[in-house]
Amino acid sequence: MKDLIQSLPVLQREKDTKLITNLSVFLRKIRNENTKAATEKALKEFYTFKPCSDLLKDLNETRCLDYLDYLESKNRSTSTINQRFSLINKFVLFLRKRDLIDHNPTEVIERPGIITSRPTKALTAEEVKKLLR
């Protein structure tokens with residue numbers, strides 16, 4: 001948690017105390033240490049991949065799309081991109097429930113698809129007959 005907060009520019013840390021307080025609460029609610037570490041990494045990357053003037057006000061569709069573009073430019077796999085974006089989305093939903101943001105900017109963004117099935121070779125009629133004998 002300290003690493004995440006330290007990665008934010010000083011001016012933002014002083015100005016965005018409300019966000020940082022809620023960030024701390026959000027992270028404390030995560031019980032699994034691996035999930036907590038992945039969430040901290042995703043949030044740190046999300047808030048530092050490009051400068052922003054206000055950590056709450058700059059939480060918009062453009063920043064979310066830019067973040068996806070950033071991850072793709074770093075050649076992250078589709079599953080990594082979706083995992084990181086999912087973690088960001090959970091934080092955004094948390095902020096939304098606390099009325100810290102007006103809307104969820106992640107809900108209108110289409111995530112990259114994952115191809116989970118590979119073409120399979122179907123059996124010929126002759127092969128099926130052989131199997132059934």
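Residues are classed here as buried under 20% relative accessible area, exposed over 50% and partly exposed in between, with a 1.4 Å probe and protein chains only. The structure is a predicted model, in which local features need pLDDT of at least 70, side-chain atom pairs count only at pLDDT 80 or more, and totals for chains, interfaces and linings use all residues. Residues are numbered from 1 along each chain as its sequence is written, and side-chain values use heavy atoms, with hydrogens and water left out.

The chain contains seven helices and zero strands, where helices (H or I, at least four residues) and strands (E, at least two) are DSSP runs numbered from the N terminus. Of the 133 residues of the chain, 37% count as buried.

Helix α5 spans residues 61–73 and helix α6 residues 78–97; their axes come within 10 Å and cross at roughly 150°. Helix α5 is therefore roughly antiparallel to α6, a term applied to angles over 145 degrees, with those under 35 counted as roughly parallel, 65 to 115 as roughly perpendicular and the rest as oblique. Axes are lines fitted to C-alpha atoms, for helices over the stretch in contact, and angles run from 0 to 180 degrees between N-to-C directions. The crossing of α5 and α6 is right-handed, in that the near helix is turned clockwise from the far one by less than a right angle.

The loop between α5 and α6 includes Asn75 and Ser77. Asn75 is not a glycine, yet its phi is positive, at about 60°; Asn75 is exposed because its relative accessible area is 70%. Ser77, by contrast, counts as partly exposed because its relative accessibility is 35%. Ser77 and Pro112 are separated by 35 residues in sequence and by 9.8 Å in space, C-alpha to C-alpha. A positive phi, near 55°, also occurs at Asp99, a residue other than glycine. Asp99 is located in the loop between α6 and α7 and, with a relative accessible area of 60%, is exposed.

Leu123, Val128, Leu131 and Leu132 make a nonpolar surface patch of about 430 Å². Patches are made of residues with over 30% relative accessible area and no salt bridge, nonpolar side chains (Val, Leu, Ile, Met, Phe, Trp, Tyr) being joined within 5 Å and like charges within 9 Å. A salt bridge is a side-chain nitrogen of Lys or Arg within 4 Å of a carboxyl oxygen of Asp or Glu. Leu131 is placed in helix α7 (residues 125–132) and counts as exposed because its relative accessibility is 63%.

Notes:
Accessible areas come from the Shrake-Rupley method with a 1.4 Å probe; for residues, only the protein chains shown count as cover.
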